[in-house]
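Me: I am new to this structure. Please show me how to read its features, one at a time.

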Amino acid sequence: MLGIDPITAVYMMSMRLRGEGKSRITLFFLSFAVSTILVGTVLAASMGAAAADALQSILPDDDSRFWAIAEFAVSIVILIWVTKRVFAGPKREKKQPREAVRRGVLGHVAMGFVFAVTSFTDPTFYAVMLIGGESRSVVTAALLLTLWFVVSQCLAMVVYAAIQCNRLDALAARLDEWKERNLTMFNRVLHGVLIGIAILLTADATAYWLTGGYLL
């Protein structure tokens, strides 16, 4: 769930809005999906097991003070982010005219590969590759990466289905309606959950410093 990415969904919506056909959008999405899963599977099969063993040898033990420091650091980052979100003023959107950029077939394939490369900026992608490498099975690695792609790109898949069914305008209208009614409550719940996580991490780290053992 931490790997859910809305950027691809937004990009596909922009493709449709600038007049790209369904076949071109399909070409881009298939190039993105196949490239991501294929590259991830190859890396998991070739280096995943060795990387997992190396990572296990490098990481501190479960009772190391490293995890207490990490928990404090993460909780501080969470609290700073939530504070900025709560007290920041409304953002002013600057609308600038954009020229439509039409790409050929190879351009859409290349753009799909570029989006696949951006998966390497996501820590959950590496985590799934390591799990696939530990399995020492190409099939298992491919299935795990496929599952990761489906979960992380669930928003893009919804947008793709809406485009193919000519329901993109209806989807956009539903999103705007939901945003007007529920966005404030959603933000409050999100902030509450994040603050709760920060409190748990802080309590766990504090317990380690006081007792020498972790709560979680």
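Me: Which helix gives the most to the lining of the largest pocket?

Reply: Rolling a probe the size of a water molecule over the atoms shows where empty space is left. Here, H8 gives the most, with 7 residues. A pocket is an open set of points on a 1 Å grid over the protein atoms alone, where a 1.4 Å probe fits, with protein on both sides within 12 Å along at least five of seven lines; lining residues have an atom within 4 Å of a point. Helices are DSSP runs (H or I, at least four residues), numbered from the N terminus. This is a predicted model: local features need pLDDT of at least 70, side-chain atom pairs count only at pLDDT 80 or more, and totals for chains, interfaces and linings use all residues. Residues are numbered from 1 along each chain as its sequence is written, and side-chain values use heavy atoms, without hydrogens and water.

Me: What else describes the lining of the largest pocket?

Reply: It has 17 residues, with Pro6, Ala9, Val10, Met13 and Leu175 nearest the pocket's centre. H1, H7 and H8 (168–211) each supply at least two residues. The lining divides into 13 nonpolar, 1 polar and 3 charged residues. Ala, Val, Leu, Ile, Met, Phe, Trp, Tyr, Cys and Pro count as nonpolar, Asp, Glu, Lys and Arg as charged, the others, Gly among them, as polar.

Me: At what angle do the axes of H1 and H7 cross?

Reply: Two packed helices are described by the angle between their axes and the distance between the axes. For H1 (residues 7–17) and H7 (residues 154–164), the angle is roughly 20°, and the axes come within 7 Å. H1 and H7 are therefore roughly parallel (under 35 degrees). Among the contacts (heavy atoms within 4.5 Å), Met12 and Met13 belong to the H1 side, and Leu155 and Val159 to the H7 side. The residues of this contact are 8 nonpolar, 1 polar and 1 charged.

Me: Are H5 and H6 roughly parallel or antiparallel?

Reply: H5 (residues 123–135) and H6 (residues 138–152) pack at about 160°, with axes 8 Å apart. They are therefore roughly antiparallel (over 145 degrees).

Terms used:
Axes fitted to C-alpha atoms, helices over the stretch in contact; angles between N-to-C directions. Parallel < 35°, antiparallel > 145°, perpendicular 65-115°, else oblique.
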